[in-house]
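Keep the viewer open and follow each named element as it comes up.

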Amino acid sequence: MPAHVLILGGTTEARRLAADLAARPGVRVTTSLAGRVTRPAALPGEVRTGGFGGPQGLADWLRAHHVDALVDATHPFAETITANAVRAARATGIPAVVLRRPGWRPGPGDRWYDVPSLAGAAEALPGLGRRVFLSTGRLGLAAFAHLHGLHFVVRSVEPPEPPLPPDTRVVLARGPFTVTDETELLRAHRVDVLVTKDSGGAAVSAKLTAARDLALPVLVVRRPPLPEGVQAVPDVAGALERLGLAAGPGPGKGQEGPG
């Protein structure tokens with residue numbers, strides 16, 4: 001059984017895994033956050049904030065803090081962090097698990113258009129609508145900053161930094177949001193197209209249901225691929241099994257959720 005587990009966090013899965021591990025006698029759990037949110041919710045176990053300085057810095061931290069297992073439970077689009085985690089784990093020989101909730105798939109009535117990147121979404125937008133709910137996170141807005149003649153609604157926990165599209169309305173709010181919440185937002189701002197990343201999970205999918213109910217087109221930015229040779233587990237139970245802790249007392253057992 002690992003004595004010290006480092007979780008690269010920021011998702012609900014990371015929180016649930018930390019809660020499960022922190023409840024186990026003899027297990028020390030540390031969650032690392034990127035620090036992009038100034039007031040994150042409290043987490044079980046120990047918490048560190050900020051980057052490591054690339055894969056070498058992370059490898060050095062793993063050795064210095066006697067980490068026995070590493071779990072990458074970051075956002076599915078945290079491509080650089082995942083690559084660094086895989087390289088650091090291989091360099092140190094420390095077992096590593098990548099935890100990724102499954103992506104979304106369209107159902108009956110959905111009008112989805114898959115794009116490979118934010119730049120691809122920006123290119124496709126003018127042909128689909130003029131009033132855009134841009135639900136891609138505050139760090140990716142620069143990809144749309146050159147678009148004129150479109151009105152953007154951007155929802156964020158904290159104010160986004162420029163560059164922003166010229167005509168942007170920022171809505172500050174923290175989820176989770178219900179289908180009713182999302183429907184009211186889309187109607188109030190007369191949105192005619194939604195742009196979102198394929199984050200997966202139920203708690204952030206209400207906007208997709210609202211868009212379906214209103215017959216709105218949705219541009220879905222698909223996830224970047226995992227590093228070569230890496231296979232992710234889809235939920236907390238899978239991560240615990242990989243760690244050799246499939247059966248246990250913690251609240252994370254068998255649970256999965258979005259972040």
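In β8, Phe152 stands opposite Val132. This is a predicted model, in which local features need pLDDT of at least 70, side-chain atom pairs count only at pLDDT 80 or more, and totals for chains, interfaces and linings use all residues. Residues are numbered from 1 along each chain as its sequence is written, and side-chain values use heavy atoms, with hydrogens and water left out.

Elements first. Helices (H or I, at least four residues) and strands (E, at least two) are DSSP runs, numbered from the N terminus. Two strands pair if DSSP finds at least two bridges between them. By that rule β7 and β8 are parallel partners, with four bridges. A second pair in this set is Leu134 with Val154 of β8. Now turn to β10. It runs parallel to β7, and four bridges join the two. Here Leu134 stands opposite Val195. Phe152 has Thr168 as its bridge partner in β9.

How covered are these strands? Buried means under 20% relative accessible area, exposed over 50%, and partly exposed in between (1.4 Å probe, protein chains only). Strand β7 covers residues 131–135, and four of those five are buried, so the rest of the structure largely encloses it. In β8, six of six residues are buried. His151, Val153 and Arg155 point one way from β8, while Phe152, Val154 and Ser156 point the other way. Both sets are buried.

Next, a helix. In α6 the buried residues are Ala206, Lys207, Leu208, Ala210 and Ala211. They pack against β6 (111–115), β7, α5, β10 and β11. Contact here means heavy atoms within 4.5 Å.

Just after α6 comes Ala215, with a positive phi of about 60°. Ala215 is not a glycine, and sits in the loop between α6 (206–213) and β11 (217–221). Its relative accessible area is 45%, which makes Ala215 partly exposed. Arg190 belongs to the loop between α5 and β10 (193–197). At 56% relative accessibility, Arg190 is exposed.

Two cis peptide bonds deserve a look. One runs from Pro162 to Pro163, with omega near 10°. Pro163 lies in the loop between β8 (151–156) and β9 (168–172). The other runs from Gly175 to Pro176, also with omega near 10°. Pro176 is in the loop between β9 and α5 (179–188).

Now move to an earlier stretch of the chain. Gly50 is in the loop between β3 (46–49) and α2 (54–64). Which residues does Gly50 touch, leaving out those up to four places away in sequence? They are Ser32, Leu33, Ala34 and Gly35. Gly50 and Ser32 are 18 residues apart in sequence, and their C-alpha atoms are 7.4 Å apart.

Helix α7 (residues 236–242) holds Glu241. Glu241 is exposed, at 58% relative accessible area.

Finally, zoom out. The protein chain has seven helices and 11 strands. Its radius of gyration is 19 Å, close to the 18 Å of the globule rule for 259 residues, so the chain is as compact as a globular protein of that length. That radius is taken over C-alpha atoms, and the rule is 2.2 Å times the number of residues to the power 0.38. Along the principal axes, the C-alpha trace spans about 55 × 35 × 35 Å. Of the 259 residues, 48% count as buried. Among contacts with a separation of 6 or more, 67% come from residues 24 or more positions apart.
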